[in-house]
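Keep the picture beside you as you read.

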Amino acid sequence: MIRRFLAVALTVLVTGTVTVVLHRPEPAAADRRGERPIVIGHRGASAHRPEHTLLSYEAAIALGADYIEPDLVSTKDGVLVARHENEISGTTDVAHRPEFADRRTTKTIDGRPVTGWFTEDFTLAELKTLRAVERVPDLRPDNTAFDGMAEIPTFEEVVRLAKRHGVGVYPETKHPTYFDSIGLSLEEPLLAVLREHGWDGRRAPVFIQSFETANLRDLRKKTRLPLIQLISASGAPYDRTAAGDPLTYDDMVTREGLREVARYADGVGVDTRRIVPTGPDGRLLEPTTLIGDAHRARLAVHTWTVRNENSQLPVDFRLGNPASPAYARATGDVMGWLEKLYRLGLDGVFADDPGVARAVRERVF
């Protein structure tokens, strides 16, 4: 079955079309603790297509993702679109569009200066004239074959695609404090789109995620949809930092911190290093107690991000000759890494290649 699944997936990737799914993913339901872990197509299938495009989301669905993940930012006219960042010079052709040369500017985003072109300075109609490009062409040169083919999709378009194919959505609100500060709140239009499609209850195939805390607390008052607190390997939620609160992500993964998160969220989305740390040499150390501690607090645990390339894997799972110029982008033992994570008892995994994540899950479970 796994070989058949991967054979169909390979046909999809070679032909560039998404017309066949071997079998539909399991019905997406948000509260899945105790069941097989879900596979989340990270920015779609970003190992195979430029991220946050319908091309990428379609490929993720064909490869068997249970959920597709759009990172959400706002346009000038208040429409939510899927981009990893509101600064878009690395993911679109905007820098080569002379009609928008005067839009280049420097802004402070989450306390840091960022120079480029920003979605909030464009109407949706203007953004739709741009075309997506591969964000990391040195790592994923094959994806550059799709440069210029795809528009920036709206959240509405992503939801329609997900519903058409029977999968869920896992949106992230990007820089919510910043967008609030310029009068373009993300949460209300996000809920409006989901409500329009009938996705507003506990069993809807939706998770809403954020690295900040205040917007999740606010969302808890407005929706029954499951909420996920994202937790990085270091640092702190920007909203808490901006308010002078010393809370860090390290504090949030203590048993007390997880109990506090459970007051407003249904799960945590954590960097893999929070589950299996790495030492100074990049090799894995013993797993932490985070999964068990979170489950005791009645929180699901999803982890990010599993990528195929050697440079994105722990040293223990890299393959090939390090002296080769292709070593960094060569595929490592991503299947072994996924199996290790699955066997630790997590509830979901964000994967750039959801086909591999699904195939390993089918074998392990």
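In this predicted model, the side chains of Asp121 and Lys107 meet in a salt bridge, with N and O 3.0 Å apart. Asp121 sits in the loop between strand E6 (112-116) and helix H3 (124-127), while Lys107 belongs to strand E5 (residues 105-109), so the bridge ties together parts that are 14 residues apart in sequence. Is Lys107 buried or exposed? Lys107 has a relative accessible area of 16%, so it counts as buried, the cut-off being under 20%. Asp121, at 23%, is partly exposed.

A second pair to find is Lys128 and Glu157, whose closest N and O atoms are 2.9 Å apart. Lys128 is buried at 18% relative accessibility, whereas Glu157 is partly exposed at 22%.

Asp250 and Arg274 form another salt bridge, at 2.8 Å from N to O. Here the link runs between helix H9 (residues 249-252), which holds Asp250, and helix H11 (residues 272-275), which holds Arg274, and the two residues are 24 apart. Arg274 is buried, with a relative accessible area of 10%, and Asp250 is partly exposed at 45%.

| Salt bridge | N to O distance |
|---|---|
| Asp121 and Lys107 | 3.0 Å |
| Lys128 and Glu157 | 2.9 Å |
| Asp250 and Arg274 | 2.8 Å |

How many salt bridges are there by this rule? The count comes to 33. Some share partners: Arg36, Asp66, Arg358, Arg361 and Glu362 are joined into one network. Over the protein there are 48 positive and 52 negative side chains, and the centres of these two sets lie 5 Å apart.

Now look at helix H2 (residues 54-62), where the buried residues are Ser56, Tyr57, Ala59, Ala60, Ile61 and Ala62. Just after H2 comes Gly64, with a positive phi of about 105 degrees.

Finally, step back to the whole fold. The protein contains 14 helices and 13 strands, and its C-alpha trace spans about 50 × 50 × 45 Å along the principal axes. Buried residues make up 55% of the 365. Among contacts with a separation of 6 or more, 67% involve residues 24 or more positions apart.

How values were computed
Residues numbered from 1 in each chain as written. Predicted model: local features only at pLDDT ≥ 70, side-chain atom pairs only at ≥ 80, totals over all residues. Heavy atoms only, no water. Helix = DSSP H or I, 4+ residues; strand = E, 2+ residues; numbered from the N terminus. Buried < 20%, exposed > 50% of the residue type's maximum accessible area, 1.4 Å probe, protein only. Contact = heavy atoms within 4.5 Å. Lys, Arg positive; Asp, Glu negative; His and termini not counted. Charge placed at Lys NZ, Arg CZ, Asp CG, Glu CD. Salt bridge = Lys/Arg side-chain N within 4 Å of Asp/Glu carboxyl O.
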